[in-house]
Amino acid sequence: MKIIAIHQPNFLPWIGFFHKIFQADEFIYLVNVKYSATNFQNKALIYGMDKTPLRLTVPLKKKPDLLNEKIINIAPPNHKWKEKHLTQFRDVYRKAPYFDKVYPMLEEIYQENHDLLATLNISIINKILAYLDYEGTVTYAEEITNVMGKTNRLVDLVEKESGTIYLSGKSGADYLDVTAFEAKGINVQYQEFKHPIYAAKFGDNCLENLSIIDWMMYESPEIIKAWLVQGKGSTQLSEFS
């Protein structure tokens, strides 16, 4: 059994994104797709000073339209976006128990020079995966396939990586042609994610849907990893029809 998950690289992704990765044996970055302004490809949420989500945004140029070609806009007034993000992290989390471990990683990330959004996001995700000791492998879709079409591309990616199970988000049930996977001997599994509850700012329960950075500020990487991997492979497989 080899479980494969596939997703576009988002910016400082939320816990559900990493849960999907840790439930898989291999994660594939899908970057040669159209950029979506409505998804979290260039924005993330952290805890706000007023106990509401605070949005962090990577400024982008309008063109081109593909995610793997999307250029970070550093022209004024966007030239200090990195410093603003780091200041917000310090203001919100400086008293968190794991601040001294997580914040230096954030500083390292923001000190890197990335012209493209995709390379920035991939660098961030890879560093978080290393911090949490992800034991699977990571692959890049650009190097694997040119097959187009939502389901056909996914089938091709999983087949070329010798996957036996494709792990989809719950929304995949609305658009995936499961029979296309079946034709290649691949089963489809849908992610079952329930947001963890942990004590965060001011000892209150966490806000949901924030970047995983919020959780990392308050609990150890060992505890987070143990939660992310629990139940791996036990989710009920879809029935082919």
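## How two helices cross

Is the crossing in which H3 passes H4 left-handed or right-handed? In this predicted model, H3 passes H4 in a right-handed crossing. Helix H3 covers residues 99-111 and helix H4 covers residues 117-131, and their axes come within 11 Å and cross at roughly 155°. That angle makes H3 roughly antiparallel to H4, because angles over 145 degrees count as roughly antiparallel.

On the H3 side, the residues that meet H4 are Lys101, Val102, Met105, Glu108 and Ile109, while on the H4 side they are Leu120, Ile124, Lys127, Ile128 and Tyr131. Sorted by class, this contact of H3 with H4 has seven nonpolar and three charged residues, with no polar ones.

## A second helix pair

Two packed helices are described by the angle between their axes and the distance between the axes. For helix H2 (residues 81-93) and H3, the axes come within 10 Å and cross at roughly 175°, and H2 and H3 are therefore roughly antiparallel to each other.

In this contact, Trp81, Lys82, His85, Leu86, Phe89, Arg90 and Tyr93 of H2 meet Phe99, Tyr103, Leu106, Glu107 and Tyr110 of H3. The residues of the contact of H2 with H3 divide into eight nonpolar, one polar and three charged.

## The sheet and a helix across it

Strands of a sheet pair through backbone hydrogen bonds, either parallel or antiparallel. Here, five strands form an open sheet with parallel pairing, in the order S5-S2-S1-S6-S7. Strand S5 (137-140) and strand S7 (187-190) stand at the edges, and because each has a single partner strand, one side of each is left without a neighbour in the sheet. From one strand to the next, the twist averages 30°.

The partner of S5 is strand S2 (residues 26-29), and S2 and S5 pair in the parallel sense over four bridges, with Phe27 standing opposite Val138 in S5. Helix H5 (residues 150-160) lies across strand S1 (3-7), S2 and strand S6 (165-168), and H5 runs at about 135° to S1.

The structure holds 10 salt bridges, and one of them joins the side chains of Asp25 and Lys232, at 2.7 Å from N to O. Asp25 lies in the loop between helix H1 (15-22) and S2, whereas Lys232 lies in the segment after helix H8 (221-229), so the pair ties together parts that are 207 residues apart in sequence.

Technical notes: Residues numbered from 1 in each chain as written. Predicted model: local features only at pLDDT ≥ 70, side-chain atom pairs only at ≥ 80, totals over all residues. Heavy atoms only, no water. Axes fitted to C-alpha atoms, helices over the stretch in contact; angles between N-to-C directions. Parallel < 35°, antiparallel > 145°, perpendicular 65-115°, else oblique. Left-handed = near helix turned anticlockwise from the far one by under 90°. Contact = heavy atoms within 4.5 Å. Nonpolar A, V, L, I, M, F, W, Y, C, P; charged D, E, K, R; others polar. Pairing = 2+ DSSP bridges. Salt bridge = Lys/Arg side-chain N within 4 Å of Asp/Glu carboxyl O.
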